[in-house]
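Here is a friendly walk through one protein model, from its backbone details to its sheets, helices and open spaces. Have the structure open beside you as you read.

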Amino acid sequence: MAVPILLLLLLAASAVAADEDAFIGVNIGTDLSDMPHPTQVVALLKAQQIRHVRLYNADRAMLLALANSGIQVMVSVPNEQLLGIGQSNSTAANWVSHNVVAHYPATNITTISVGSEVLTAIPNAATVLVNALKFIHSALVASNLDRQIKVSTPLSSSIILDSFPPSQAFFNRTWNPVLVPMFNFLQSTGSFFMLNIYPYYEYMQSNGVIPLDYALFKPLPSNKEAVDANTLLHYSNVFDAMVDAAYFAMAFLNFTNIPVMVTESGWPSKGDSNEPDATVENANAYNSNLIRHVLNKTGTPKHPGMAVSTYIYELYNEDMKLGPVSEKNWGLFDANGSPIYILHLTGSGMVLANDTSNQTYCAAREGADSKMLQAALDWACGPGKVDCSPLLQGKPCYEPDNVLAHATYAFDTYYHQMGKDSRSCDFNGVAAITTTDPSHGSCIFPGSVGKNGSLVNITAPSMNSTSSDSSGHSIYSSGLTRVLIIVGVLIWSAPFS
């Protein structure tokens with residue numbers, strides 16, 4: 001039986017460059033009928049260890065919620081604002097002032113994407129695209145932020161013609177009057193070429209020419225790999241071939257030192273009857289393999305070892321999207337923060353929530369001062385927003401009724417809410433990380449591998465969640481989270497931070 005499950009995206013931070021680490025980010029679309037509150041979104045990001053996000057706008061509430069989170073943010077100039085910004089330096093300066101300068105550095109804005117797929121989505125605005133890039137960059141220079149924040153524009157891979165073999169790829173020459181000055185701008189400012197790459201559509205439109213396994217990064221025998229006859233480079237997946245096609249197409253225009261950043265890539269988990277390969281299994285396979293491929297610094301056949309940082313499309317299923325069923329089902333989570341599927345990320349580096357080996361917990365130190373333990377317990381169940389209702393009399397974790405046991409439950413819950421960040425398990429020295437599962441009897445702790453491989457699941461609060469001040473002892477905190485045991489899996493995200 002298919003079980004809805006979790007993900008923990010562990011992501012390396014850094015800019016896109018050959019000598020730096022690649023990262024995985026996530027796009028955050030908002031076309032949901034019940035869009036979570038920004039604080040809930042950020043809680044989910046923290047719990048999933050997502051360190052890079054791309055917004056399709058510069059929403060003030062979201063930018064405020066992201067402040068001091070450590071998450072690196074790409075903000076966007078929406079397409080509907082592009083014409084105004086591309087025609088007026090002062091409009092661009094005003095946009096940067098209100099949407100970037102007002103939030104930086106508390107909100108770690110690292111990139112501005114100007115428009116989205118402008119050449120194919122709103123071709124009438126193409127003539128002002130490069131001006132818009134330059135005006136936004138000039139505003140950053142005026143604010144002394146041009147070294148910290150890069151500017152670029154995401155384009156559709158459909159502007160690359162004859163993409164296989166990659167060595168023969170070239171851009172649609174119609175757009176060369178825009179692309180050449182755009183690449184000059186990207187090169188002179190040390191920015192990157194943003195490209196949206198969707199092997200799903202390449203596969204769907206190939207009429208059976210592209211094998212499904214080739215689109216999904218599944219291992220292929222060497223005799224099944226695609227070979228570029230001009231370079232003799234072997235391609236084991238569509239993604240690498242499309243990235244290299246971009247590099248060759250840029251080289252055709254004499255640009256050879258602009259790194260590619262993939263601003264959108266993913267696979268839908270559900271589709272119409274004529275989209276039989278939009279399935280949970282295929283979405284899981286594609287995104288899991290893509291994440292591992294990027295974080296392993298594999299690079300591409302043309303540029304082995306070079307970072308190809310990539311943003312997964314997307315965080316949430318967007319049920320208000322128009323078009324086929326697949327359009328509504330690219331997300332990793334639903335609106336309640338429940339994962340659509342668990343990513344198979346074991347082996348992609350660091351600790352992963354679906355890797356049930358080497359689980360860690362946060363426990364109160366034996367012999368710690370009882371007053372300090374009580375103070376830390378009070379904080380965790382109050383300002384720390386831990387749901388301590390399982391510690392109430394008659395509830396599973398009430399016994400043993402002592403401060404050490406109760407503090408351990410609260411500390412461990414907080415530790416997992418914070419994505420198992422080691423800094424969240426200290427509590428002024430009265431707590432420590434342990435590999436010993438503190439669960440006992442029917443009291444199952446977050447992250448606990450229980451019977452039959454069960455793992456505790458903490459999900460993010462829904463928009464309808466309510467919070468009230470604790471009455472009486474602080475362990476009687478309001479229920480902002482709920483605990484659910486699901487066989488064989490773990491899902492969690494933190495309540496409000």
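## A buried phenylalanine and other backbone details

Phe 217 counts as buried, at 12% relative accessibility. The classes used here are buried for under 20% relative accessible area, exposed for over 50%, and partly exposed in between, with a 1.4 Å probe and protein chains only. Phe 217 has a positive phi of about 65° although it is not a glycine, and it is found in the loop between helix H9 (212–215) and E10. Helices (H or I, at least four residues) and strands (E, at least two) are DSSP runs, numbered from the N terminus.

This is a predicted model, in which local features need pLDDT of at least 70 and side-chain atom pairs count only at pLDDT 80 or more, while totals for chains, interfaces and linings use all residues. Residues are numbered from 1 along each chain as its sequence is written, and side-chain values use heavy atoms, with hydrogens and water left out.

Asn 144 is another non-glycine residue with a positive phi, about 60°. Asn 144 sits in the loop between helix H6 (129–142) and E5, and it is exposed, with a relative accessible area of 60%. There are cis peptide bonds to look at too. One runs from Phe 164 to Pro 165, with omega near 0°; Pro 165 belongs to the loop between strand E7 (160–161) and strand E8 (170–171). Another joins Tyr 313 and Glu 314, with omega about 15°, and Glu 314 has its place in the loop between strand E13 (310–312) and E14.

## The nine-stranded sheet

Follow the strands across the open sheet and you will read the order E5-E4-E3-E2-E1-E13-E12-E9-E6, nine strands with parallel pairing. Strand E5 (150–152) and strand E6 (155–156) stand at the edges with a single partner strand each, so one side of each has no neighbour in the sheet. Two strands are taken to pair if DSSP finds at least two bridges between them.

Strand E4 (residues 108–114) has six of its seven residues buried, so it is largely enclosed by the rest of the structure. Six bridges pair E4 with strand E3 (residues 72–77) in the parallel sense, and Val 77 stands opposite Val 114 in E4.

## An antiparallel pair

Strand E14 (residues 361–364) is covered on both faces: Tyr 361 and Ala 363 on one side, and Cys 362 and Ala 364 on the other, are all buried. In a regular strand the side chains alternate between the two faces of the sheet. E14 pairs with strand E15 (residues 431–434) in the antiparallel sense over four bridges, and Cys 362 has Ile 433 in E15 as its bridge partner.

## Helix H10

Helix H10 (residues 238–252) has 15 residues and reaches 21 Å from its first C-alpha to its last, close to the 21 Å expected at 1.5 Å a residue; the expected span is 1.5 Å times one less than the number of residues. Of those 15 residues, 13 are buried, so H10 is largely enclosed by the rest of the structure.

At its N-terminal end, H10 is capped by Asn 237, with a side-chain oxygen 3.2 Å from the backbone nitrogen of Phe 239. Just after H10, Asn 254 takes a positive phi of about 70°.

## The largest pocket

The largest pocket has a volume of about 770 Å³. On a 1 Å grid over the protein atoms alone, a pocket is an open set of points with protein on both sides within 12 Å along at least five of seven lines, and lining residues have an atom within 4 Å of a point. Grid points are joined across faces, edges and corners, and a volume is the space filled by probe spheres set on the points.

The lining of this pocket has 36 residues, of which Ser 116, Glu 117, Asn 196, Tyr 198 and Glu 264 lie nearest its centre. The elements giving two or more residues to that lining are E3, helix H3 (79–87) and helix H8 (199–204).

How values were computed. Polar contact = N/O pair within 3.5 Å; in protein donor to acceptor, adjacent residues only side chain to side chain. 1 Å grid on protein atoms, 1.4 Å probe; cavity = no way out; pocket = protein on both sides within 12 Å on 5 of 7 lines; lining within 4 Å.
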